[in-house]
Amino acid sequence: NPATSQQYTVRITNSDGCFIDRTVTLSAATCNCTAPVLTDLTNESICVGGSFTMTNVTTSVTNSVSVNYQWYNNNGTDNANTNAISGQTEAALTSLPTGVGSYSYRVEATRMDDSSCKTSKTVTLVIHALPTAMAATTTATCMSGTSTANSDGKITISDFAASDTYQYSTSNTFNSETATPSSPMMIPMGGMIVSNLVNPATSQQYTVRITNSDGCFIDRTVT
């Protein structure tokens, strides 16, 4: 862009060697756009059933410019287009994803007094799946020829991923303070996590917490 108008002369020559000169003028462009300055958005990952933090998907203008907002899909893995999102015309994205996947969004802020003057910010939201593993108990066996039970009750986990971990505690809710083991451990091959449970006087509930590699967990209560 020239500081002032700039002339250029173009010489055009045909196959007979004859030419003509054409002079054109490039005028200086006047750019008066003071673009909106937006606060950053924050990428976030949650587990199925969790909630995204609204401040992470809310922007604001920091240079006192009046704007109109529009949110768009931004070619995420699971929202692979750049379409405007209907009804999402405020500073906060409120039409949030709920299914497992990775989603990218872009918010565009356009000056109210100059539609060519705009800026944008992007954010990625990820929803991780919960473990799908199940848990079951095996009742203690009886000592041969007696009315006494062995201390060999078992809890076994099935349908688990190789990277899943476990803890368990007594009662129908998981208690991290009394859990065994004290910190999560990998589920052993075969899924048996305990094989020496004392035979209870009455039915005893245990809650097994199974956590996957994304940090998402599910609690399974068995009796």
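Reader: What share of the 223 residues of the protein counts as buried?
Author: In this predicted model, 32% of the 223 residues count as buried. The term is given to residues under 20% relative accessible area.

Reader: Why is T110 called buried?
Author: T110 has 14% relative accessibility. The cut-off for buried is under 20%, so T110 counts as buried.

Reader: Where does T110 lie, and which residues does it touch?
Author: T110 lies in strand β5, which runs over residues 101–111. Leaving out residues up to four places away in sequence, T110 touches S66, V67, N68, S115, C117 and K118. A touch here means heavy atoms within 4.5 Å.

Reader: What separates T110 from G190?
Author: Their C-alpha atoms are separated by 59 Å, and the two residues are 80 apart along the chain.

Reader: What makes up the secondary structure?
Author: The protein has zero helices and 13 strands.

Reader: What makes the pair C33 and C117 a disulfide?
Author: The S to S distance between C33 and C117 is 1.8 Å. The limit is 2.5 Å, so C33 and C117 are joined by a disulfide. C33 lies in the loop between β2 and β3, and C117 in the loop between β5 and β6, so the pair ties together parts that are 84 residues apart in sequence. The link of C33 and C117 is right-handed, with 80° about the S-S bond.

Reader: Why are C33 and C117 placed in separate accessibility classes?
Author: C33 has 41% relative accessibility. C117 has a relative accessible area of 0%, and under 20% means buried, so C117 is buried.

Reader: How do you know that C47 and C216 form a disulfide?
Author: The sulfur atoms of C47 and C216 are 2.0 Å apart. A pair within 2.5 Å qualifies, so C47 and C216 form a disulfide. The pair links distant parts of the chain, with C47 in strand β3 and C216 in the loop between β12 and β13, 169 residues apart. The link of C47 and C216 is left-handed, with -90° about the S-S bond.

Reader: How many disulfides are there, and what is the pairing of the bonded cysteines?
Author: The structure holds two disulfides. With the bonded cysteines numbered in sequence order, the pairing is 1-3, 2-4.

Reader: What makes C142 exposed?
Author: C142 has a relative accessible area of 58%. Exposed means over 50%, so C142 is exposed. C18, with 47%, falls between 20% and 50%, so C18 is partly exposed.

Reader: Which residues make the nonpolar surface patch, and where does V24 stand?
Author: Y8, V10, I12, I20, V24 and L26 make a nonpolar patch of about 500 Å². Strands β1 and β2 each supply at least two of the patch residues. V24 is found in β2 and has a relative accessible area of 43%.

Note on methods: Residues are numbered from 1 along each chain as its sequence is written. This is a predicted model: local features need pLDDT of at least 70, side-chain atom pairs count only at pLDDT 80 or more; totals for chains, interfaces and linings use all residues. Side-chain values use heavy atoms; hydrogens and water are left out. Helices (H or I, at least four residues) and strands (E, at least two) are DSSP runs, numbered from the N terminus. Buried means under 20% relative accessible area, exposed over 50%, partly exposed in between (1.4 Å probe, protein chains only). Patches are made of residues with over 30% relative accessible area and no salt bridge: like charges are joined within 9 Å, nonpolar side chains (Val, Leu, Ile, Met, Phe, Trp, Tyr) within 5 Å. Accessible areas come from the Shrake-Rupley method with a 1.4 Å probe; for residues, only the protein chains shown count as cover. A salt bridge is a side-chain nitrogen of Lys or Arg within 4 Å of a carboxyl oxygen of Asp or Glu.
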